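Here is a short briefing on one protein chain. Look at the sequence and the model first, then read the points below.

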Amino acid sequence: MTRQVLLLLSLLCIGSVLGQVSYSIPEEMATGSLVGNIAQDLGLDIKRLISGKAQIYTRNNEGYVELSRERGVLLVKQRIDREALCIQTTPCALHFQIILENPMEFYTVTVQITDINDNAPTFEKNEMRFKISESAINGAKFTLERAVDPDVGINGVQNYILRPTDNFALKLHNIADGNKNVEMVLQTPLDREKQEHISLVLTAVDGGEPQMSGTMQILITVLDVNDNAPVFTQPVYKATVTENSPRGTIVTTVTASDADHGSNGNIRYSITDTSDVRKLFDVNDENGEVFLIGDIDFEKSRNFQINVLASDVGGLTDSCKLMVDVKDVNDNRPDINIMSKTNVISEDAKLNTVVTMINIEDLDSGENGNVKCHITDDIPFLLKTSTNDFYSLVTDSDLDREVASQYNITVTCSDEGVPSLSSSVTLTLQISDVNDNAPVFERSSYEAYIVENNTPGLSIFTVKARDADWNQNARVSYILEDSSVNGVPVSSYMSVSADSGVIHAVRSLDYEQIKDFKFCIKAQDGGSPPLSSNVSVTVKIQDQNDNPPQVLYPVQTGGSLVAEIVPRSADVSYLVTKVVAVDVDSGQNAWLSYKLQKATDRALFEVGLQNGEIRTIRQVTDKDAVKQRLTVIVEDNGQPSRSATVIVNVAVADSFPEVLSEFTDFTHDKEYNDNMTFYLVLALAVVSFLFITCLVVIISVKIYRWRQARFYHSNLPVIPYYPPRYSDTLGTGTLQHVYNYDTCRTTDSRKSDLKFSGPGTQNILIMDPSSGTMQRIQSEKSILDEPDSPLEVSVQK
């Protein structure tokens, strides 16, 4: 079987249709036969066919041709019968598109199916019967049924042969549609007495290779006496019928007349066409009215040719042609077919990105078939026309998923008929997210407060950031930025939950060490690459009243007593001393007040509530006791309040000897003397016991060494053992006996002091009640330089 391939490649300048290819193949080709090298003809690389997932799109899903991506060729998928595919339509062609993705492209392919002589001519009837009067004159015509050959062109019916030809000859008439009207013409008169029945064979032959034929038998009964045949008033009738007209609608009326009278003049009308025509049209056999018996569809057939036969009772006939044109009405809505579509598109898609390709078809014609399409307004998409029947939906502006995550795009197509018909389809398009939004904190900065002495792990507050993106791109994690607070990493003070943003105190905080500090929290999303933002967090520590007041002066030295001297000539409001105290807390927790809790003589001294100054509230008299003991309490203003007490010893005297004698008595009361005597006796007993023990030990050691010397005959001297400071003990073994004393007096009798001093030291006189001895406290600066300083004693051993 020979095959002719015709290639026509043209580039279209509008839209996404890149080219058109045409092929021509004969029908009945074997499955797998080559149609054409589509890759070569379109100038495409086979790799492009594979990567673009090339596929064939046919509107009616007729799989006659398949695409081999690996070879880049079109192959016959199944046997193609041109007669079943196109009937009598010529030329007969398959139209389909080749679709490629990434980027989206398509090409139009036309495969023309050429006819082969695979069908023989056939007659609808096996036989035709005629009744012909013997009086029929030479030249009488008898219309015969035409043969039908599904093939076209040269392979269709080309000629008819009638045998035998004793009485009749065959006459053919060419008509506009390429067929032939077949008439049997009487050549010699009939004689019923010689031959009542005549049998003829009509053979129809085509022009194919090899030639094929079909036959029909013609049976003629010779009648007597009817010598006039019916005659139509005109050989061709024309009529118009609107499609979808109801059945029974009269199309037109054909009229024939017969010069005979009586029964020989009665005319009967009939349609002698093929069965397809007789399913749609019929004729009233009495009056010649042609009417509809089927549904007329303009989209299937736009015109009809009907052969009407008029015959009388004698068998004489005449024929005419009825040309019926079908008028189109707008009865078909535009058909919207989605060729290829994308359900999801990224929000960063570029402009003019093809989202969907649509094919539109309206079976009507003229204005009824002119279709215009449009889409929903106010959306970032545009519907472009690539050809008359193809549209591309493309992006028209930037997409933003955070503004709209989904679009329902309604495509409406309307024709120009009256009334107009339309169809619509709704496309749902999801916008996929791109990580184009960084997390944003709810506040530009945060400020939190925490009370000192908090429990480690305490939740302070929460930072919150939101990300306008979606899914993983919107999953926010919180990170504590590296920084330091007073040289210590901030992570040793605070921590943040990566998921919730809750900030915890890692350890207990002390307001007295640090009052506030600042650090940064970073919010980072889960996109790739991730986006982040920072926020400043200031933590302010609130003070608690957790520190009592601390007395700086006068200094408390355990059991030692510090004395302040007030001359008897002191006036009212004489400044005795000042209690100095501090509180390391802040605010009202550090507001201090001073109160006199106890005093030997409450009528003599008072304490300043705010400044802690101890002053006389009256004139000092000779009757006032030398020894004055004041207990001052220092309280803060916290809730609850904390306090400290200090004992201030005051000596009321004008001279130092008086102070010394009274001060000694002041520190040795009766109970103290009793206790001191007991301690002295106990100490003497202990020292005596230790002395005797040492003597025994020394004697024992000496005897032991003497015996050892005799045993080994050694001449080594024996060295006696003495306890430490043995030679310095004078009976009691408790006190050293060497002291140096230095006295001095000032010219001012009111400031006369007794001073025991050694080189480079200054001391305050302190009486120790537990031992009854004088002790010293060194100071950096002499208290004598200040007015009304207490008694000072400097001792050097």
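Strands E20 (residues 281–283) and E21 are paired antiparallel, with three bridges between them. The model is predicted. The protein holds six helices and 53 strands. Of its 797 residues, 41% count as buried. Among contacts with a separation of 6 or more, 66% are between residues 24 or more positions apart.

**Strand E21 and its partners**

- Val 290 of E21 is the bridge partner of Val 283.
- Five residues lie between the strands in the hairpin of E20 and E21. Gly 288 takes a positive phi near 80° in this hairpin.
- Strand E17 (residues 250–253) also pairs with E21. Three bridges join the two, and they run antiparallel.
- Thr 253 has Glu 289 as its bridge partner in E21.
- Which side chains of strand E21 (residues 289–292) are buried? Val 290 and Leu 292 are, and they point to one face.

**A four-stranded open sheet**

- The strand order in this open sheet is E16-E23-E22-E19, and the pairing is mixed.
- Strand E16 (236–242) and strand E19 (267–271) are the edge strands. Each of them pairs on one side only.
- On average, neighbouring strands of this sheet are turned by 30° against each other, direction ignored.
- E16 and strand E23 (residues 317–327) run parallel and are joined by seven bridges.
- Val 241 has Val 326 as its bridge partner in E23.

**Nonpolar cores**

- The largest nonpolar core has 29 residues. Met 494, Phe 517, Phe 519, Ile 521 and Val 537 have the most contacts inside it.
- Seven strands are listed here, and each supplies at least two residues of this core: strand E33 (445–451), strand E34 (459–462), strand E36 (477–480), strand E39 (494–496), strand E40 (502–505), strand E41 (516–524) and strand E42 (532–542).
- Which residues does Val 537 touch, not counting those up to four places away in sequence? They are Tyr 446, Phe 461, Val 463, Ile 503, Phe 517, Lys 518, Phe 519 and Ile 521.
- Another core, of 27 residues, lies apart from the largest one. Val 76, Ile 80, Ile 98 and Leu 100 are among its residues.
- In soluble globular proteins, nonpolar side chains tend to be buried together.

**Disulfides**

- How many disulfides does the structure hold? There are two.
- A disulfide is a covalent bond between two cysteine sulfur atoms.
- Cys 86 has a relative accessible area of 13%, so it counts as buried. Cys 92 is buried too, because its relative accessible area is 2%.
- Cys 373 and Cys 413 are also joined by a disulfide, with an S to S distance of 2.1 Å.
- This pair links distant parts of the chain, 40 residues apart. Cys 373 is in strand E27 (residues 371–375), and Cys 413 is in strand E30 (residues 406–415).
- The link of Cys 373 and Cys 413 has 110° about the S-S bond and is right-handed.
- Both Cys 373 and Cys 413 are buried.
- With the bonded cysteines numbered in sequence order, the pairing is 1-2, 3-4.

**Two further cysteines**

- Is Cys 520 buried or partly exposed? Its relative accessibility is 32%, so Cys 520 counts as partly exposed.
- Cys 694 has a relative accessible area of 23%, so Cys 694 is partly exposed as well.

**A buried serine**

- Ser 133 lies in strand E8 (residues 127–133).
- Ser 133 has a relative accessible area of 0%, so this residue is buried.
- The side chains of Ser 133 and Ser 135 are joined by a polar contact of 2.8 Å.

Notes: Residues numbered from 1 in each chain as written. Predicted model: local features only at pLDDT ≥ 70, side-chain atom pairs only at ≥ 80, totals over all residues. Heavy atoms only, no water. Buried < 20%, exposed > 50% of the residue type's maximum accessible area, 1.4 Å probe, protein only. Polar contact = N/O pair within 3.5 Å; in protein donor to acceptor, adjacent residues only side chain to side chain. Disulfide = S-S within 2.5 Å. Core = buried A, V, L, I, M, F, W, Y, C linked by side-chain atoms within 4.5 Å. Contact = heavy atoms within 4.5 Å. Pairing = 2+ DSSP bridges. Axes fitted to C-alpha atoms, helices over the stretch in contact; angles between N-to-C directions.
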